[in-house]
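Here is a short walk through the structure shown below. Keep the viewer open and follow along.

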Amino acid sequence: MSDSMTIHLRVWRQAGPESKGKFVNYTVADVNSHMSFLELLDVLNEQLIHAGDDPVEFDHDCREGICGACGVVIDGVAHGPQQRTAACQLHMRHYQDGDMLVLEPWRATAFPIIRDLVADRSALDRIVAAGGYVSVDTGSAPDANSILISKNELEGAFDFAACIGCGACVAACPNASASLFTGAKIAHLSGLPQGRPERKERAVAMVEQMQKEGFGDCSNHGECEAVCPKGISIAAIAIMRREYMKAKLA
Amino acid sequence: MAHPLSANVPDGRLQEKWDNYKNQIKLVNPANKRKHTVIVVGTGLAGGSAAATLAELGYRVNSFCIQDSPRRAHSIAAQGGINAAKNYPNDGDTVWRLFYDTIKGGDYRSREANVHRLAQISNEIIDQCVAQGVPFAREYGGHLDNRSFGGAQVSRTFYARGQTGQQLLLGAYQAMCRQISTGQIIMFERREMLDLVVIDGYARGIITRDLVTGKIERHIADAVLLCTGGYGNVYYLSTNAKNSNVTAAWRCHRKGAYFANPAFTQIHPTCIPVSGDYQSKLTLMSESLRNDGRVWVPKKVGDSRLPQDIPDDERDYYLERRYPSFGNLVPRDVASRNAKYACDEGRGVGETKLAVYLDFRESIDRLGKNKISERYGNLFEMYERITGENPYEVPMRIYPAVHYTMGGLWVDYELQSTIPGLFVLGEANFSDHGANRLGASALMQGLADGYFVIPYTLGNYIASTKLTDADTSHAAFVEAETAATEKLDRLLSIQGTKTVTEYHRDLGRIMWDNVGMSRTAEGLETAVGLISTLREEFWENVRIPGEKTHYNKNLEFAGRVADFLELGELMARDALMRNESAGGHFREEYQTEDGEAQRNDEDFAFVGAWEYTGQNQDPKVHQEYLDFENVQLTTRSYK
């Protein structure tokens, strides 16, 4: 059965990249426990529009935890309290009547704020563009079964390929490092035979692009792994370092 | 009725048409390709694969997406898989059989030549994706694994856990990134296409709005590729992402592109049921679950016992009962309609009684929890997150939801719309799925169009068309930009009392009630009236906060809802025109004695392509007759 709650929100409001931001308090009554966290923001925004205020902007799209568009720091934790769950998949049944939630955008030098809870994560795309691919033109592929891949090898690479590019790892890291994101792509592709011919160039180019974008370095806090909605292991960072070292030494 | 449309299907036997076409087309010299610019709108499977491939060939590509990154298009949410006729399992699959199943699954309302080409290309797609590093599921011996999907009796579906769409899209996205890094693709993120620019009858550019700064921009090219997905969000609640919309396609329609079969929408049988009014979207549970899950409702009306307390002989496994040969794997339209009937009879389950059970108990007993978890683990987790219930312990509750739209802009064999130079790919076109799409066919079509069809057909267009010199100061650009700006200003000036979401929800209710799983002439006529009244009210009373010069989601959505309010009416008119039941379009007046859809091949074996004739003018329908030279039209039977 669904219960109705009152939820208090303390939300970061910022008009634009150059503006000074501040926290503003709101209250939403009649919150249904089956509601998703983003639906709570929808209800808040309808309330604000009717009152003549500007709604809180936030990125969202699939609301199924797979597109990686959403991302809010809830009470100091990227994507909120539920492990392995993107903010869109967090439901209000985990909260109680009268709770106060503090909402902030991803905060990192490499992620300028666009408005309210919306951050510019295009730096992540530039890291992928630096080498996060296999160079194979359409039409030149051999038969799909011509290269066998053991189930274990495949599943291992898949665990890293599952990254949704949301940037929570950056938001959670005290150094605002993108090492888990970058490492996951390097580990995915170097973990499969198709990705190995370019592994050296890829590792060097992606790591250097990450540094150029203003992300910090990894100092093994492990916060990234803890907040990752896809549970990507910090082993990705070890693989990234190994791939980078091997490429540089060779 | 106006004159019939010709699809420009090449001559020859069905199996040879695509080769004949490729043998005869004009080619663009490699050195000349770089002199041509192509606009690609949308970065899903169709747009991403097209942009990457055209850039590899040497064209200059300008790519646009409304999301903050090309990696987020809604193709990413496709769970189940992608079909191909590889026949790796040696269970009797062939290109012909994939073609035949797709034509039959579409209830004989698609074009033979397109569907056959799709089946022919299917195998190359798998090869390409594996080479990109897409981690398709494998057997212990290292070979690729397959599973079966609705509407087929062979295992031809390749899958990557429950996130096939994500992995395929990341493959296409990474191929795009490779071209972005060399400057061959210029990527424009957070841009919404607001209009098509037509010069001397040819599509030559687009008008976009930068969603961050609000700046209106002009972009010119030699051709425009629309890869903007489907229009399921006209129902407000659907499995589509919140940003999925019809605006780009609709504005091309207003500029002269015909819109084909808008009434052909797919209601997916296995979605998580609605829980309340605040509901913002619906979540699909992959059809692959029907491989191992059994669908049932209590035999007794109003049985409110918990599912575990209802003994087997008091359960009605209605799909297995009514369709013994396909059982739980009947096509989507059939499964959805039967769920609706069960609930209409008062045998629905759960709090709202608008749900049926999808039960894994028997499979877990037979295969073990580990095997089920390996196959569907992430789906079970997702279900539990949303509902708070553990599907390993209690059956899932599911209900149909709007999922995919088979209709879309009309295209010929070359994927060209009725506006020369405007090509439409993927879900945005109407071409390959007829009145009903089979599972695992959408990913196949999106990638076929982008990787393997458009590189040929676009080349032929560019090589055989002489365009006039023009730049973005041309009157057509000025006019289109002015119109786009005026529309935004008008929306912002209304400052009424109802929000964009409230209007969207109202429209959705009209559509679901009258243009949903089961339609009648009376309901459709009611819908036409209600939508037109709602549209008038919207333009007088919508309240949009903020300005056009900053990030403003409500303003974006207002433009999209305005277009949905026009499309919804066209869908109702199309459904009203089609006096038959076919696939996802079920008219209650046209059914057999035992409640199955009754097609009318005599009068309706055609594509209905609608021409826009002006604001508040009745649209005009054109027909493309479907010639079935290779398959015999039969009544679909899954019994």
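Start with how chain A divides. The domain assignment gives domain 1 (4-104) and domain 2 (122-249) of chain A. Bear in mind that this is a predicted model. The C-alpha centres of domain 1 and domain 2 of chain A lie 30 Å apart. The two domains do touch: 12 residues of domain 1 of chain A are in contact with 10 residues of domain 2 of chain A. On the domain 1 side of that contact, six residues are nonpolar, five are polar and one is charged.

Now go to helix α2 of chain A, residues 122-129. Six of its eight residues are buried, so the helix is largely enclosed by the rest of the structure. The buried residues of α2(A) are Ala123(A), Leu124(A), Asp125(A), Ile127(A), Val128(A) and Ala129(A). What do they pack against? Within chain A, their partners are α5 (179-190) and α6 (199-212). Chain B also takes part, through its own α6.

That leads to the contact between the chains. Here 60 residues of chain B are in contact with 65 residues of chain A. On the chain B side, the elements that give two or more residues are α3 (45-57), α5 (112-132), α6 (164-181), α11 (369-387) and α16 (553-577). Which of these gives the most? It is α6(B), with eight residues. By class, the side of chain B that touches chain A has 20 nonpolar, 25 polar and 15 charged residues.

Stay in chain B and turn to a sheet. Five strands form an open sheet in the order β11-β15-β14-β12-β13 (chain B), with antiparallel pairing. At the edges stand β11 (265-271) and β13 (315-316) of chain B. Each has a single partner strand, so one side of each is left without a neighbour in the sheet. Strands of a sheet pair through backbone hydrogen bonds, either parallel or antiparallel.

Look at one pair in detail. Strand β14 (residues 356-359) and strand β15 (residues 396-405) of chain B run antiparallel, and three bridges join them. Leu358(B) has Met396(B) in β15(B) as its bridge partner. A helix also packs on this sheet: α9 of chain B, residues 332-344. Helix α9(B) touches β11, β12 (294-298), β14 and β15 of chain B. The direction of α9(B) makes about 65° with that of β11(B).

Terms used: Residues numbered from 1 in each chain as written. Chains lettered and ligands numbered in written order. Predicted model: local features only at pLDDT ≥ 70, side-chain atom pairs only at ≥ 80, totals over all residues. Contact = placed C-beta atoms within 7 Å. Helix = DSSP H or I, 4+ residues; strand = E, 2+ residues; numbered from the N terminus. Nonpolar A, V, L, I, M, F, W, Y, C, P; charged D, E, K, R; others polar. Buried ≥ 20, exposed ≤ 12 C-beta atoms within 10 Å, placed from the backbone. Domains from an automatic or database assignment. Pairing = 2+ DSSP bridges. Axes fitted to C-alpha atoms, helices over the stretch in contact; angles between N-to-C directions.
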